[in-house]
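Hello,

Here is the structure we talked about handing over. Please open it alongside this note.

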Amino acid sequence: MQRAKPWDSYRKVATQTATPAQLVLMLYDGAIGFLERALAGFEGTDPGEVNQAINNNILRAQAIIHEMNATLNMEAGGEISVNFRRLYNYLHARLREGNLKKQREPIEETLMRLRVLRDSWAEMLRRGPARDLDPDEA
């Protein structure tokens, strides 16, 4: 009998106990991690390993972006959801281009944009539920 890796157990518990907002942050973190590994793949010396590292990690990041896109609530989200859909479609297309042509620039651009989204999302979680601000606090 093979024992599960401790990290897999932790990840399973973390995803089962996370709030929907925390799950979004975890998805951003995952996509960012995969794209960082895709960029690291360019540093390899074996062309087959380079292509495999880039391809596999981009596909994983695309799967996360696709999932985030597919779960947008278009009815409740209104214009915000429409804008996120456009952005996710754009990021997915840029990664496809970077993967097909094995170019760093589309991956770097996507990584930069995902980091901005991730940091904004993390800040929103840090601040907690929206509250009425005193004009002197703004």
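**Salt bridges, core and a pocket**

Arginine 113 is partly exposed, because its relative accessibility is 33%. Keep in mind that this is a predicted model.

Arginine 113 has a salt-bridge partner, glutamate 109, with the closest N and O atoms 3.0 Å apart. The two lie four residues apart in helix 5, about one turn of the helix. Glutamate 109 is at 12% relative accessibility, so it counts as buried. Both belong to one network, built from salt bridges that share partners: Arg94, Glu97, Lys101, Glu105, Glu109 and Arg113.

Arginine 94 is buried, with a relative accessible area of 12%. Glutamate 97 is partly exposed, at 28%.

The structure has 12 salt bridges. Another one of them joins arginine 104 to glutamate 43, with the closest N and O atoms 3.3 Å apart. This pair links distant parts of the chain, 61 residues apart. Arginine 104 is in helix 5, and glutamate 43 is in the loop between helix 2 and helix 3. Arginine 104 is partly exposed at 31% relative accessibility. Glutamate 43 is exposed, with a relative accessible area of 59%.

Next, the nonpolar core. The largest one holds 22 residues. Which of them touch the most other members? They are Leu35, Ile58, Tyr88, Leu95, Ile107 and Leu114. Helix 2 (20–41), helix 3 (47–70), helix 4 (74–101) and helix 5 (104–127) each supply at least two residues of this core. Take isoleucine 107. Leaving aside its neighbours within four places in sequence, isoleucine 107 contacts Leu35, Leu39, Phe42, Ile54, Ile58 and Leu95. As background, nonpolar side chains tend to be buried together in soluble globular proteins.

Helix 2, helix 3 and helix 4 are the elements that give two or more residues to its lining. Helix 4 gives the most, with four residues. By class, the lining has nine nonpolar, two polar and one charged residues. Among the lining residues are Val24, Leu27, Glu67, Met68, Phe84 and Trp121. Tyr88 also lines this pocket, and Tyr88 is one of the core residues that touch the most other members.

Best wishes

Note on methods:
Residues numbered from 1 in each chain as written. Predicted model: local features only at pLDDT ≥ 70, side-chain atom pairs only at ≥ 80, totals over all residues. Heavy atoms only, no water. Core = buried A, V, L, I, M, F, W, Y, C linked by side-chain atoms within 4.5 Å. Buried < 20%, exposed > 50% of the residue type's maximum accessible area, 1.4 Å probe, protein only. Contact = heavy atoms within 4.5 Å. 1 Å grid on protein atoms, 1.4 Å probe; cavity = no way out; pocket = protein on both sides within 12 Å on 5 of 7 lines; lining within 4 Å. Nonpolar A, V, L, I, M, F, W, Y, C, P; charged D, E, K, R; others polar. Salt bridge = Lys/Arg side-chain N within 4 Å of Asp/Glu carboxyl O.
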